[in-house]
Amino acid sequence: HSPAEQPGDKPSETGEGQRKEVCHWPCQCPLVPACTPGVSLVKDGCGCCKVCAKQAGEPCNEADVCDPHKGLYCNFSEDEPRYETGVCAYLVAVGCELNGVYYANGQTFQPNPLYKCLCVSGTIGCTPVFTPRLAGSPCARVPGRKKPGQSTCGLGQHKQLQSTNYRLMSAYRSLPLVLKKKCLIQATPWTPCSRTCGIGISSRVTNDNRKCEMKKEKRLCFIQPCLTNMLKKIKIPKGKTCQPTFQLPTAEKLAFSGCSTTQRYKLTFCGVCLDKRCCIPNKSKMITVQFECPNEGFFRWKMMWITSCVCQRICSAPGDIFSQLKLL
């Protein structure tokens, strides 16, 4: 095309009439919009400007793109023969499972009073139900000081404000944040172990990797062995109702997926209580264990090594990813 000619200046090649051209060059972009929580900020279909992506059921076209992070695409099938305006719809994909409940792809649900979630192609994404307002800082600026703009907040107050601000962010992050090779390391808390006894799996999302990308990370967890009559085998001190931790008499190999560890381990397990309390890990570290499989070679897994447990009355179900969330 010549510089004066726009792509929409001539009829469509299908011969079905003039098709409106929505992209214009050179690009003229307004201010970058502030999208509501859960709505992606993406580049428009013209490759020009940052826009808030269209959501399911909203109209779309070549410029107004549907949210790609939610598995949406622009369905032009109802606008035959022009195919100019469509409606955002979900691609056909697998659903999601959370705490034994199955959700269809594209389904919105609220498993916790604090968060609203969306199932997209086997992955669950959540945003806060309550959007916090940014209140004015309680640290007043005092005129007349030697340094202009110096505040009355002490170091402790600044740390408290910073901690509160992090907790109010839509992605729940572990504190403190660490800068590692120009990457601000972030991670969600580990989910509870998938099994209350025997070897299970817990997971988290973190960017602690070479590419600094948010990825799902898994580790093995072993809270308690599957023993019958657990109370009879664990000695609870006289006058107490709980024994927070215990160990088996001898070191043993761990079995997982038909394979066993090359070394023997004497693990610390969380104990039991005579009342309704449950014991959960309080402090732990990460180790790497190597498994040997019959005629199949070796593989390695990261594993939580429990160092101490605490007994409490709040007992969450295994796999409840919202068990650690509290209303601020």
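**Group meeting: strands and pairing**

β4 and strand β5, residues 86–90, pair in the antiparallel sense, with 4 bridges between them. Within that pair, Cys74 has Cys88 of β5 as its bridge partner. Please keep in mind that this is a predicted model.

Now the sheet around that pair. What is the strand order in the open sheet of 3 strands? The order is β3-β5-β4, and the pairing is antiparallel. The edge strands are β3, at 59–60, and β4, at 72–75; each of these pairs on one side only.

Strand β8 covers residues 108–112 and strand β9 covers residues 115–120; the two run antiparallel and are joined by 3 bridges. One of the residue pairings is Thr108 with Leu118, the latter in β9. How many residues does the hairpin use to join β8 to β9? The hairpin goes through 2 residues.

Now the whole chain. The protein has 20 strands and 2 helices. Its length is 328 residues, of which 30% count as buried.

Last, contacts. Take the contacts in the protein with a separation of 6 or more: 43% of them are accounted for by residues 24 or more positions apart.

Definitions and conventions: Residues are numbered from 1 along each chain as its sequence is written. This is a predicted model: local features need pLDDT of at least 70, side-chain atom pairs count only at pLDDT 80 or more; totals for chains, interfaces and linings use all residues. Side-chain values use heavy atoms; hydrogens and water are left out. Two strands pair if DSSP finds at least two bridges between them. Buried means under 20% relative accessible area, exposed over 50%, partly exposed in between (1.4 Å probe, protein chains only). Contact means heavy atoms within 4.5 Å.
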